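Hi,

Here is the structure I promised to pass along.

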Amino acid sequence: MVNPSSRMLQTIPFFQSLSPEELEALATNMWIENYRRGEPLAGRRAEDLTRYRETAWFVYQGVVSLYTLTSRGGRNILFFLGPGALLNQDILHGGGQILAEAAADALLIEQVNQSFEKGME
């Protein structure tokens with residue numbers, strides 16, 4: 001597991017008001033994940049969906065698509081998110097079953113929601 005640098009976090013609008021010391025402390029509870037195009041951020045089975053509620057993702061590079069499944073198993077694309085975007089339970093769990101996957105190769109910075117919320121206090 002590789003932690004992001006404070007310099008990486010500074011490029012994300014959400015973190016730009018934090019000091020270098022605050023960024024360093026926050027980065028220790030985060031990790032970097034690489035997703036290939038078409039790879040889901042969490043599984044698509046019901047038991048995998050807990051990860052959507054437990055994780056906050058920040059898009060560092062690439063594009064992530066958010067979608068729902070149609071009754072016929074197709075995808076209803078809701079929107080695409082690029083660098084700097086935040087995905088968390090408010091987006092992914094806010095009204096139905098919203099899924100996310102890399103729409104292009106993507107590098108995401110991830111953190112468990114409890115750590116994220118504690119770090120933002």
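In what order do the elements of the chain run from the N terminus on? They go α-α-β-α-β-β-β-β-α-β-β-α, with five helices and seven strands in the chain. Helices (H or I, at least four residues) and strands (E, at least two) are DSSP runs, numbered from the N terminus.

Before you dig in: this is a predicted model, where local features need pLDDT of at least 70, side-chain atom pairs count only at pLDDT 80 or more, and totals for chains, interfaces and linings use all residues. Residues are numbered from 1 along each chain as its sequence is written, and side-chain values use heavy atoms, leaving out hydrogens and water.

Four strands form an open sheet in the order 1-7-2-5, with antiparallel pairing (two strands pair if DSSP finds at least two bridges between them). Strand 1 (30-35) and strand 5 (86-87) are at the edges with a single partner strand each, so one side of each has no neighbour in the sheet. Strand 5 runs antiparallel to strand 2 (residues 55-61) and is joined to it by two bridges; Leu-86 in strand 5 sits opposite Phe-58.

On to helix 2 (residues 20-27): its buried residues are Leu-23, Leu-26 and Ala-27, buried being under 20% relative accessible area with a 1.4 Å probe, protein chains only. They lie on the same side of helix 2, because they cover an arc of only 95° around the axis (taken from the directions from the helix axis to the C-beta atoms).

Over the chain, 36% of the 121 residues count as buried.

Cheers

Definitions and conventions
Buried < 20%, exposed > 50% of the residue type's maximum accessible area, 1.4 Å probe, protein only.
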